[in-house]
Amino acid sequence: MTLSRDVAPAPVLHGPAEELRIVPARHPWRWVATAVVAVLLAMSINALVTNPAWDWPTVGQFLFAPSILRSVALTLQLTVLGIVLGFALGTVLAVMRMSPNPLLRSVSWTYIWVFRSVPLILQLLFWYNLALLYRTIGFGVPFGPTFVEIGTMDLVSPVTAAVLGLALHQAAYAAEVVRAGFLAVDSGQLEAAAALGIPKLRQFRRIQLPQAMRTIVPTAGNELIGLVKGTSVVYIMALSELFYQVQVIYTRNGRVIPLLLVAAIWYLALTTVMSIAQFYVERHYARGAQRALPPTPLQRLRATLRRGAS
């Protein structure tokens, strides 16, 4: 016995195929939004170009002035030292926080709690005035004799105090960033790797770290960009970083707006370079997680030019 199902007959198209017309979907509000944004953008550019209060000649005069370039170099130095030392200490704190040892967990949690709770400006002032608490710093046996003593003012200079403040403050946030990255890796993968006899170090390098970095890099990039701007807080220590130097110049010549623009342009340039570096690091660790890597800006430009030529 055979079973059969009723099948609807295929529709018959009347008329030649040339008469069939495909009507694309229309998006009128998209064009309205584009027109509004274009008008607002043109108005903003016109205000920047035509308003004499921006004083663009003064901006050009001081943008690459030697004192400004030296302050940019100091800002970069503080940023690099703060992020390297901060993430090194933050990684140690993250490992301590995930440790089964209750003492290590408690110390790490307390450190993160304290340094995330106290404002950065107070931490910088504390390190800057450390000599008021300790006249000298000694090196020797713990709770025993001291072999070498150095004056605190000689050991902790304003730059050293700024680096300590930035690094220790950043370490509290870096610890949570690193911990979140490692917790995002499925523990079942490590159990499977251990069952296959893969050594611990190789598990970390080839399985845990690449996956953790996909979570760590975007947040770490934000922290890095935030630290670039956070270095402006060290102006309270009279360090000639970018913001402090701009203040010194416009206090002398009264050109407040153009000098603030100089600082804004340099901060934009520094954060743009770091954002580009972050994009390529993210793209590197995206291998294996995506079927196709996201195109680079150059690849997008080439694709746009090809479409325009065709």
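Student: Which residue in E2 is the bridge partner of phenylalanine 139?

Tutor: In E2, phenylalanine 139 has valine 148 as its bridge partner. The model is predicted: local features need pLDDT of at least 70, side-chain atom pairs count only at pLDDT 80 or more, and totals for chains, interfaces and linings use all residues. Residues are numbered from 1 along each chain as its sequence is written, and side-chain values use heavy atoms, with hydrogens and water left out.

Student: What makes E1 and E2 a strand pair?

Tutor: Strands (E, at least two residues) and helices (H or I, at least four) are DSSP runs, numbered from the N terminus. Two strands pair if DSSP finds at least two bridges between them. Here 5 bridges join E1 (residues 136–140) to E2 (residues 146–151), so the pair meets the definition. The two strands run antiparallel, and another of the bridges joins glycine 140 to threonine 146.

Student: What lies between E1 and E2, and what is the phi of phenylalanine 143?

Tutor: The two strands form a hairpin with 5 residues between them, and phenylalanine 143 in the turn has a positive phi of about 60°.

Student: How many aromatic pairs does a search of the whole structure find?

Tutor: The search finds 6. One of them is formed by phenylalanine 64 and tryptophan 266.

Student: What makes phenylalanine 64 and tryptophan 266 an edge-to-face pair?

Tutor: Rings of Phe, Tyr and Trp (its six-membered ring) pair if their centres lie within 6.5 Å; planes under 30 degrees apart count as stacked, over 60 as edge-to-face, and the rest as tilted. These two rings are 5.8 Å centre to centre with 80° between the planes, so both conditions hold. The pair links distant parts of the chain, 202 residues apart: phenylalanine 64 is in the loop between helix H2 (56–63) and helix H3 (66–97), and tryptophan 266 is in helix H11 (residues 256–285). Phenylalanine 64 counts as exposed because its relative accessibility is 57%, whereas tryptophan 266, at 16%, is buried.

Student: Why is the pair of tryptophan 109 and tryptophan 113 called stacked?

Tutor: The angle between the planes is 15° and the centres are 5.8 Å apart, so the pair falls in the stacked class. Both residues lie in helix H4 (residues 102–117), 4 residues apart, about one turn of the helix. Tryptophan 109 is partly exposed at 44%, and tryptophan 113 is partly exposed at 49%.

Student: What is the volume of the largest pocket, and which residues are closest to its centre?

Tutor: The volume is about 260 Å³. Of the 15 lining residues, Val217, Ala220, Gly221, Leu224 and Val281 are the closest to the centre. On a 1 Å grid over the protein atoms alone, a pocket is an open set of points with protein on both sides within 12 Å along at least five of seven lines, and lining residues have an atom within 4 Å of a point. Grid points are joined across faces, edges and corners, and the volume is the space filled by probe spheres set on the points.

Student: Which elements give two or more residues to the lining of the largest pocket, and what is its make-up by class?

Tutor: H3, helix H9 (200–230) and H11 do, with H9 giving the largest share, 7 residues. The lining has 13 nonpolar, 2 polar and no charged residues. Ala, Val, Leu, Ile, Met, Phe, Trp, Tyr, Cys and Pro count as nonpolar, Asp, Glu, Lys and Arg as charged, and the others, Gly among them, as polar.

Notes:
Buried < 20%, exposed > 50% of the residue type's maximum accessible area, 1.4 Å probe, protein only. 1 Å grid on protein atoms, 1.4 Å probe; cavity = no way out; pocket = protein on both sides within 12 Å on 5 of 7 lines; lining within 4 Å.
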